Amino acid sequence: MAIYESDLTKFMREYLKEHPEEVASQKKGRAIWWDKRPDERAPAPSMRHAPKAGGNEATFEPAGGYEWSFEVDDNTQLKKT
């Protein structure tokens, strides 16, 4: 029984076989963007403003019923320069 392979997959296999420099270029690009040690990676973003409603943010009703009645945002306490 033969396994199906799309025309695009066949083309890419042949192309990469005929152009091995593309494989080297792919590996170089991957090393630039992805292959990093933990100390080379950017720090994880702050989760201070991550949604806590599990995707149901649109159902949130403010306590006072008015949009200007929200509590002060926690980033307003940061020093202004």
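Guide: A salt bridge is a side-chain nitrogen of Lys or Arg within 4 Å of a carboxyl oxygen of Asp or Glu. This is a predicted model, in which local features need pLDDT of at least 70 and side-chain atom pairs count only at pLDDT 80 or more, while totals for chains, interfaces and linings use all residues. Residues are numbered from 1 along each chain as its sequence is written, and side-chain values use heavy atoms, with hydrogens and water left out.

Visitor: What makes Glu40 and Arg37 a salt bridge?

Guide: The closest N and O atoms of Glu40 and Arg37 are 3.3 Å apart, which is within 4 Å, so the pair counts. Salt bridges with shared partners join Arg37, Asp39 and Glu40 into one network. The structure holds five salt bridges.

Visitor: Why is Glu40 called partly exposed?

Guide: Relative accessible area decides: buried is under 20%, exposed is over 50%, and partly exposed is in between (1.4 Å probe, protein chains only). Glu40 has 41% relative accessibility, so Glu40 counts as partly exposed.

Visitor: How do you know that Arg30 and Asp35 meet in a salt bridge?

Guide: Their side chains come to 3.0 Å, N to O, and the limit is within 4 Å, so the pair qualifies. Arg30, at 49%, is partly exposed, and so is Asp35, at 41%.

Visitor: Where do Lys17 and Glu14 lie?

Guide: Both are in helix H1 (residues 7–18), three residues apart, or about one turn of the helix. Helices are DSSP runs (H or I, at least four residues) numbered from the N terminus. The side chains of Lys17 and Glu14 meet in a salt bridge at 3.7 Å, N to O.

Visitor: Is Lys17 buried or exposed?

Guide: Lys17 has 62% relative accessibility and therefore counts as exposed. Glu14, at 40%, is partly exposed.

Visitor: Is Leu8 buried or exposed?

Guide: Leu8 has a relative accessible area of 58%, so Leu8 is exposed. Leu8 lies in helix H1.

Methods
Helix = DSSP H or I, 4+ residues; strand = E, 2+ residues; numbered from the N terminus.
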